[in-house]
Amino acid sequence: MATEKPHRLKTRHLTMMGLGSAIGAGLFLGVGVGIHIAGTSILIAYAIAGALVALIMRMLGEMASARPSLGSFSTYAGQAFGNWARFNCGWLYWFMLVMVMGAEITGAAAIIGGWFGVEPWIPALIAVLIFAVINFASVRGFGEFEFWFAVIKVAVIVAFLVLGALMVTGLWPGTTFVATENFTDNFLPNGIPGFAAGLLAVAFAFGGIELVTIAAAESEDPAHNVSTAVRAIIFRIIVFYLGSVAVIALLLPFDLIQDADDASQSPFALVMGTANLPAVAGFMELVIVVALLSAFNAQIYATSRLVFDMARDGNAHHAFLFTNAQGSPRNAVVLSMIFAFASVGLQYWNPPGLLTFLFNAVGGCLLVIWILVVCSYLKLHPEMKANGELTQLRTPGFPYVPWIVLAALGALIVLMLFDPAARAQIGAVVAMSAILIVLSFALPTGARSQVGRNKR
């Protein structure tokens, strides 16, 4: 049994961090987008996306349990293909999270500013200062804070599923048994093209779970904890998403399900409204703020640890190797804060074309990272097996399953090329990847050679 390490993360921290990262405002506000486009067939789209991410996470979890690293997928990409892959993967992920952090703190600050009648920059500044303190503290303190944030979101989802089940079966006061017509009549309202568009809308819904493999390196027993957390997260996330969509599709008239601009239009709020629960819009606003701030906090952690790890082999400036007395990478945290604020500023400034390009690149980053995870796994799995490094967490069907996943990701890219908005994401992330790869070859030779040795 592992020795207790008071400044390290526990399994429960990793599990709830993974759940919390994947359950955000996108679920509470954006779940109606896919239903509106694809009808109730969106359940199949979520199942496909969930199965795909589950297999990718099994592969990533297998590598992380064998070789725990704060760099996670970027480290494995470097070990498999060289420093260009490490540099590209690490900075793409950092860029993606920084841009998303800016969007999340902007959304949360707008809601909080409305509550107190103040300019949004005031709650944004207060929130950033609070989260800076949290991330400067020991990793256990961060994990505890993030754990309780995630508990709130998970509790809301579980309560929503219980409420939905009672309403569907007619056991909730004022309700009767719900037949399946609302579900079957709207299965493919826009045909196969609508289903394809819906699949694109939800393809990256489960993004964020990979953060758990970064945090695993700072846990008490990385190999055991990442195995346990990955298994628990995959199953629960899929159940939460599919269960929520099923409840919404069964209980709400199809013409009411749409993209939500605010909490009152959220499908969750509309379902709770039909149950005659009071103050549902205000309650959903609170949940959405918690979801946004929780994700913001987790992403500060992920970006700072990633930069710290990359500085170890020369892929970031050595100044980011500095840690405070609690072991937190102080300068890396500050860097994340600065660029998160810069992202907020960009959204207010909104220079023509630049913001569109950057957010298009964000949309494609996760796809590049997933492809590199699978390719790294194909390359490293035989090596890890030969060295006796593998743990109990295994991905079934090697090498056929990884190749099937790659083919599915390739099919997703083809689908994106036929959609104008998604096509722009592919173009933007290809351009950004090309720039990063060129920059990686400009690094000193020592940094490029070190990454292959940085296995632990």
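Colleague: What makes the crossing of α1 and α11 right-handed or left-handed?

Modeller: α1 passes α11 in a right-handed crossing. A crossing is right-handed if the near helix is turned clockwise from the far one by less than a right angle, and left-handed if anticlockwise. The axes of α1 (residues 11–22) and α11 (residues 222–251) come within 9 Å and cross at roughly 35°. Axes here are lines fitted to C-alpha atoms, for helices over the stretch in contact, with angles from 0 to 180 degrees between N-to-C directions. Helices themselves are DSSP runs (H or I, at least four residues), numbered from the N terminus.

Colleague: Where does this model come from, and how are its residues numbered?

Modeller: It is a predicted model, in which local features need pLDDT of at least 70 and side-chain atom pairs count only at pLDDT 80 or more, while totals for chains, interfaces and linings use all residues. Residues are numbered from 1 along each chain as its sequence is written, and side-chain values use heavy atoms, leaving out hydrogens and water.

Colleague: Why is Cys-89 called buried, and what is Cys-375 called?

Modeller: Buried means under 20% relative accessible area, exposed over 50%, and partly exposed in between (1.4 Å probe, protein chains only). Cys-89 has 0%, so it counts as buried; Cys-375 has 24%, so it counts as partly exposed.

Colleague: How do you know that the length of α14 agrees with its residue count?

Modeller: The expected span is 1.5 Å times one less than the number of residues. With 20 residues (330–349), α14 should span 28 Å, and its end C-alpha atoms are 29 Å apart, so the values agree. Just after α14, Asn-350 takes a positive phi of about 50°.

Colleague: What is worth noting about the phi of Ser-72?

Modeller: Most residues other than glycine have a negative phi. Ser-72 is not a glycine, yet its phi is positive, about 45°. Ser-72 is found in helix α4 (residues 72–81), and its relative accessible area is 0%, so it is buried.

Terms used: Helix = DSSP H or I, 4+ residues; strand = E, 2+ residues; numbered from the N terminus.
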